[in-house]
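Subject: Handover of a structure

Dear colleague,

Please find below the structure that I am handing over to you.

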Amino acid sequence: MDNLKFNPIEEKTINDKLVNLYGSHIPGLYKAVRPLFDDPDAIKPALPLLIELNDDGAYENADIRVMVFGRETNNWNDIVERGQYPYGTYNFNLSTSEDILHEIKGRHADGEPEVYGIGDIYHAYCYEDNGVGKTVFTRRQNQLMGQLRERLGNRRVEAVWNNVSKIGCGGMDFGKSCRRPTAEIREIEREYFNVVEEEVRILKPDVIFFLTGFGADREIKEIFNLDDDDFKSVKEGIFLDRINIHGVKYAARTIHPSRQSKENLKLHFDALVDDVISAVE
């Protein structure tokens with residue numbers, strides 16, 4: 001894998017641009033994480049979160065595009081069948097550019113052995129009935145988006161899910177979710193898979209919501225080259241800050257919704273929706 005390079009595909013869609021972004025980083029990333037799988041005592045990284053838009057064109061054709069960030073994704077490697085790889089994660093046998101393409105998109109042509117790619121995990125997680133809609137975080141995310149759509153009336157609003165930390169903990173860390181990536185995993189991401197800012201450029205969200213609580217401010221500042229002055233409190237007594245991100249009409253950070261009372265969640269979501277409406281209308 002030392003000399004492996006990805007040959008970009010023709011960019012006809014947003015998904016093609018994402019594939020080229022991820023493909024350019026995969027050889028270096030896989031080489032960097034391999035030693036963690038060779039070390040029996042190391043916490044193993046989960047697969048990277050690779051965004052794949054649904055093929056219905058809803059996001060691309062929306063009047064308002066929203067990107068919703070969580071903190072990190074742990075222990076999600078068994079969403080599709082990748083059990084032939086270490087802990088169901090990384091395929092370290094990539095040898096061609098086409099192998100990298102299959103690692104991202106999978107291979108589902110009739111008459112050929114099926115290969116499940118990392119994008120298939122995201123697609124199953126987000127768009128299929130047994131996917132992410134059953135988790136507490138995404139039920140709350142859907143609640144927020146429902147409130148926003150109701151307030152915006154006939155304007156089409158579509159959201160894409162992302163994470164501030166693109167690589168969570170996996171492997172030997174199964175069962176220990178709800179934690180930050182280890183310092184070693186985080187450093188590998190910084191050096192070899194620092195893609196979030198480019199994802200934002202490709203997906204061009206009008207609105208970004210960080211439903212991350214206190215736990216990800218450092219990462220947000222690192223990713224977007226921000227400092228404390230770029231965070232402005234919106235309302236006294238509410239954990240809600242607008243964030244100044246270049247090229248984005250509105251961005252804000254508020255509570256992580258998974259362990260909140262209904263009353264506290266409503267208080268914060270109402271304040272967030274009121275604030276974003278004032279910025280986009």
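**Aromatic pairs and helix packing**

Phe209 counts as buried, with a relative accessibility of 1% (buried means under 20% relative accessible area, exposed over 50% and partly exposed in between, with a 1.4 Å probe and protein chains only). Tyr250 also counts as buried, at 1% relative accessibility. Phe209 and Tyr250 form an edge-to-face aromatic pair, with 6.4 Å from centre to centre and 80 degrees between the planes. Rings of Phe, Tyr and Trp (its six-membered ring) pair if their centres lie within 6.5 Å, and planes under 30 degrees apart count as stacked, over 60 as edge-to-face and the rest as tilted. Because Phe209 lies in strand E5 (residues 207–211) and Tyr250 in strand E8 (residues 250–254), the pair ties together parts that are 41 residues apart in sequence. Helices (H or I, at least four residues) and strands (E, at least two) are DSSP runs, numbered from the N terminus.

Please note that this is a predicted model, in which local features need pLDDT of at least 70 and side-chain atom pairs count only at pLDDT 80 or more, while totals for chains, interfaces and linings use all residues. Residues are numbered from 1 along each chain as its sequence is written, and side-chain values use heavy atoms, with hydrogens and water left out.

Across the whole structure, a search finds 13 aromatic pairs. One of them is formed by Tyr30 and Tyr90, whose ring centres are 4.8 Å apart and whose planes stand at 75 degrees, so this pair is edge-to-face. It links distant parts of the chain: Tyr30 is in helix H1 (residues 14–38), whereas Tyr90 is in the loop between strand E2 (64–70) and helix H2 (97–105), 60 residues apart. Tyr30 counts as buried at 0% relative accessibility, and Tyr90 counts as buried at 0% as well. Tyr30, Tyr90, Phe37 and Phe92 form one aromatic cluster.

Helix H1 also packs against other helices. The axes of H1 and H2 are 10 Å apart, at an angle of about 110 degrees; axes are lines fitted to C-alpha atoms, for helices over the stretch in contact, and angles run from 0 to 180 degrees between N-to-C directions. H1 is therefore roughly perpendicular to H2 (angles under 35 degrees count as roughly parallel, over 145 as roughly antiparallel, 65 to 115 as roughly perpendicular and the rest as oblique). In H1, Val19, Tyr22, Gly23, Ile26, Pro27 and Tyr30 meet Ile100, Leu101, Glu103, Ile104 and Lys105 in H2.

With helix H6 (residues 196–203), H1 has axes that come within 10 Å and cross at roughly 160 degrees. H1 is thus roughly antiparallel to H6. Residues of H1 that meet H6 include Leu18 and Leu21, and those on the H6 side include Glu199 and Ile202.

Leu21, in helix H1, is buried, with a relative accessible area of 10%. Apart from neighbours within four places in sequence, Leu21 is in contact (heavy atoms within 4.5 Å) with Val195, Glu198, Glu199 and Ile202.

In the loop between E2 and H2 lies Thr73, which is buried with a relative accessible area of 7%. Leaving aside neighbours within four places in sequence, the contacts of Thr73 include Ala46, Leu49, Trp161 and Cys169.

With kind regards
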